[in-house]
Amino acid sequence: MEAYEEQIEQVLLSSDAIQGRIAEMADRINHDYAGRELLLVGVLKGAFVVMADLSRHIDLPMEFDFMAVSSYGAATKTSGVVRIMKDLDHEVAGRHVLVVEDIVDSGLTLKYLLRNLSTRKPASLEVAALLWKTGVQQVDLDIRYVGFEIPPVFVVGYGLDYDERFRNLPYVGTLKPEVYAEALP
Ligand code: IMP
């Protein structure tokens with residue numbers, strides 16, 4: 001994608017690698033949830049890309065819902081403060097809920113969401129996350145479906161943004177340092 005090419009330092013995961021892995025994750029989901037109906041819950045905004053691709057490989061009846069939580073803004077570190085900006089439209093009680101996340105960094109966002117959703121008495125509650133940053137989680141998390149483990153660096157693309165840009169990159173990569181420098185006041 002030429003629009004962003006000059007700002008990308010390194011491609012960590014190619015589009016082909018991501019698509020292949022998403023199909024594998026969906027195979028496991030198809031197997032594990034056979035005969036059941038899913039409620040897929042995407043965490044906005046980043047998860048919309050993985051949710052779109054993953055769901056089209058899932059061969060089960062399902063409904064979609066979304067939650068929005070407070071994000072980093074233009075900063076690249078988590079604040080630990082999680083606020084629900086948009087709640088689900090669906091009832092969760094008795095449903096098989098699969099939360100779809102783009103990336104697990106500190107894990108604080110997901111921990112909060114899972115605790116919140118579990119109080120609503122779903123029949124089951126699991127997570128599919130495309131990316132897992134190694135060695136930086138501040139909380140214990142049990143994630144059933146992980147796409148890739150990546151080093152704890154800030155990445156963009158495939159739904160992930162820096163200051164709301166780069167979400168439409170079909171791959172996952174790192175940014176050149178000058179991109180951050182330009183954003184400083
Ligand atoms: P956590 O609460 O620290 O696990 O962060 C979760 C959220 O922070 C993710 O859903 C992303 O929206 C955002 N985030 C974490 N790491 C990155 C990154 O490397 N690039 C872009 N967004 C990120």
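Residues are numbered from 1 along each chain as its sequence is written. As the model is predicted, local features need pLDDT of at least 70, side-chain atom pairs count only at pLDDT 80 or more, and totals for chains, interfaces and linings use all residues, while side-chain values use heavy atoms, without hydrogens and water.

I begin with the ligand. Its shell holds 17 residues, and D102, S106, G107, T109 and V155 are the closest; a residue is near the ligand if one of its heavy atoms lies within 4 Å of it. Eight of the shell residues are nonpolar, four are polar and five are charged, where Asp, Glu, Lys and Arg count as charged, Ala, Val, Leu, Ile, Met, Phe, Trp, Tyr, Cys and Pro as nonpolar, and the others, including Gly, as polar.

For G107, a backbone N or O atom lies 2.8 Å from a ligand oxygen, and a polar backbone atom of D105 is 2.9 Å from an oxygen of the ligand. The protein covers 91% of the 490 Å² of accessible area that the ligand has on its own (Shrake-Rupley method, 1.4 Å probe). Strand β5 gives the most to the shell, with four residues (strands are DSSP runs of E, at least two residues; helices are runs of H or I, at least four).

I turn now to helix α2, residues 48–55. Six of its eight residues are buried, so the helix is largely enclosed by the rest of the structure; buried means under 20% relative accessible area, with a 1.4 Å probe and protein chains only. Among them are V49, M51 and L54. The buried residues of α2 pack against α1, β2, β3, β5 and β6, with contact meaning heavy atoms within 4.5 Å.

Key. A polar contact is a pair of N or O atoms within 3.5 Å; within protein, one must be able to donate a hydrogen and the other to accept it, and residues adjacent in sequence count only if both atoms are side-chain atoms. Buried means under 20% relative accessible area, exposed over 50%, partly exposed in between (1.4 Å probe, protein chains only).
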